[in-house]
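Hi,

Here is the structure I said I would pass on. My notes on the strands follow below it.

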Amino acid sequence: MILQALKGYYDRLSAASPDEIAPYGFSEQKISFEVVLRPDGTIADINDLRVQQGKKLVPRVLQVPMPPKRSGRTPPPAFLWDKTAYIFGVDSDDAGALVENIPYGTEFRRYHEELLKNAEDIGLSAFLTFLRSWQRAGYPALRNYQEMLGTNVVFRLDGERCYLHQRKVALTIWSAALCIEDAELSDCLVTGLSGPVARLHPSIKGVQGGQPAGASIVSFQLDASKSYGKEQGANAPVSEAATFAYTTALNSMLSRTSGRDARDRPIYKNRVQIGDATTVFWAESDNASEASTSEDLMAALFNPPGESQDDDSSATTKLRNIVKAMADGRPIEQAAPDLAKDTRFYVLGLSPNAARISVRFWHDTTFGDLASAFQQHWADLRIEPVPWRTAPAIWQLLVETAALRKSSNVQPRLAGEVMRSILTNRPYPRTLWTGIITRIRADGTINGLRAAVIKACLIREGESVPMSLDRNNASQGYRLGRLFAVLEAAQFAGLGKLNANIRDKYISSASATPGRVFPLLLRGSENHLSSARKKGKGGRAYRLELERLEIAGGIDASVPFPTMLSLADQGLFFVGYYHQQAELKIARQKDETIDAEAELNSTDTTE
């Protein structure tokens, strides 16, 4: 099903935008330089094809003949383009010094001598003459030789605009080379049509954490795959044409960008990074424009555009408004009336696995169902006071579980599990919930995003969790969290800012084993409130005392401070803490105003 959907995406792109997707037998590669040849095979010039992006030069992406799958001591070369190690027979060592690579250069020349021996074309004849006469010692004399080392290079005949691989004769030769005479014929599992079966599937590049040369998503290597007398791709026959289509479509989504962000990072059109899962998504529709628009919106749902980003184009503003309307709970029909809810949509999550690629998750659904799933996700996260201006992206939730809030520290597989929960409206993985609680205990930070994630996890577990401060909520964990926030505020009112307050020292034990901590904290709060009154903060002390009594009055008197809280109550503890702390921050300004006026009146009376 995955390969069929990818082939369908390739067919849509090739029909609607032929220039955006490589035709059969070609692939998009990063090319840095071109060698301009004279008709006699000598080098007329070396041109830099790289383009400026931000402060650096990056290779230009060109459609060139598809490179072979390389393995062995002397990997096979590409047709009419390749790296300098093949073309010039030179490479660089670990220190960057120039060294000869004779086997690669010899193989490149031998390969083209065989393919082009009968070619009647001035450009291809010049190319063969160049290969036969080239001396590796002449490489340092070339312009840009140092920058060109290790990059991909193409060829062009002096005075002409097209590259050698685009010449009519070259295209004919390459088409013939693609026909594998001894290929096994079988019915293709993707198309159902009979044709030559691909023995090896091209590599997939661009999966974060994967090998730079790419890895396979379909492969057979162990001896067990030969148990029925089948080798390599014959175990699951996919035709050469279908193999090319699905790999080209996937590589295109993994590499295609639509610009760069404020930090000069590429903005991918059909790809987002969620933890260790590189996620691609695409629509299936007869209306290419509508499919592209729905893909743009889905990218915005995965990573909502913030109000501060530099791109203030009308398209970005429109997407931002749609996402905001959906996050506020408006139906997709109102938020995006121009988009069809029944448009087929696919989401594929990939992760590296040694020399292969693992499928983390696969979701086949409709655009309307996907939009509804994200709306439900944001509704479950919603908490008061709202801790964000723009609906949080999935990666923002994941980094809250990681040490130092680094994406590289997110637990493996967590991204795929969270993504699957969102797309299917199922409970979030327990590892998300426990990961947040673990980080709170480690760093003592209870921010709005962490509280929102805990709330969402509890709701999908069937727990009743208030969106904002609920004074009538009788949950023991929720009330103990509220009480801890009041005790922390009392300490601040009496002692001011400390290097380590009760949250730093006791939040972990208070949320797990309250019976051991709260009696001690309550005794200390009496001293803190007394100190606050002596400092002229009687209004603040009075309010905190009332809050403490109100919360304590709702706690089960038979077991006011249980020996241990359940995991659900521990989550409610942090949600209650967040709600109460937010309430106290608002009330603090009023209390400080009352205390200041009382002090002023006292001064006036004395005078």
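β7 and strand β10 (residues 152-157) run antiparallel and are joined by three bridges. Within that pair, Asp-82 has Val-153 of β10 as its bridge partner. Strands here are DSSP runs of E with at least two residues, helices are runs of H or I with at least four, and both are numbered from the N terminus. Two strands count as paired if DSSP finds at least two bridges between them.

A caution on the source: this is a predicted model, with local features needing pLDDT of at least 70, side-chain atom pairs counting only at pLDDT 80 or more, and totals for chains, interfaces and linings using all residues. Residues are numbered from 1 along each chain as its sequence is written, and side-chain values use heavy atoms, with hydrogens and water left out.

β7 and β10 belong to an open sheet of four strands with mixed pairing, in the order β3-β2-β10-β7. β3 (43-48) and β7 (81-83) are the edge strands; each has a single partner, so one side of each lacks a neighbour in the sheet.

Now to β16. Seven of the eight residues of this strand (residues 277-284) are buried, so the rest of the structure largely encloses it. Buried means under 20% relative accessible area, exposed over 50%, and partly exposed in between (1.4 Å probe, protein chains only). β16 pairs antiparallel with strand β15 (residues 271-274) over four bridges. Ile-274 stands opposite Ala-277 of β16. β16 also pairs antiparallel with strand β17 (residues 344-353), over seven bridges. There, Trp-282 has Tyr-346 of β17 as its bridge partner.

Best wishes
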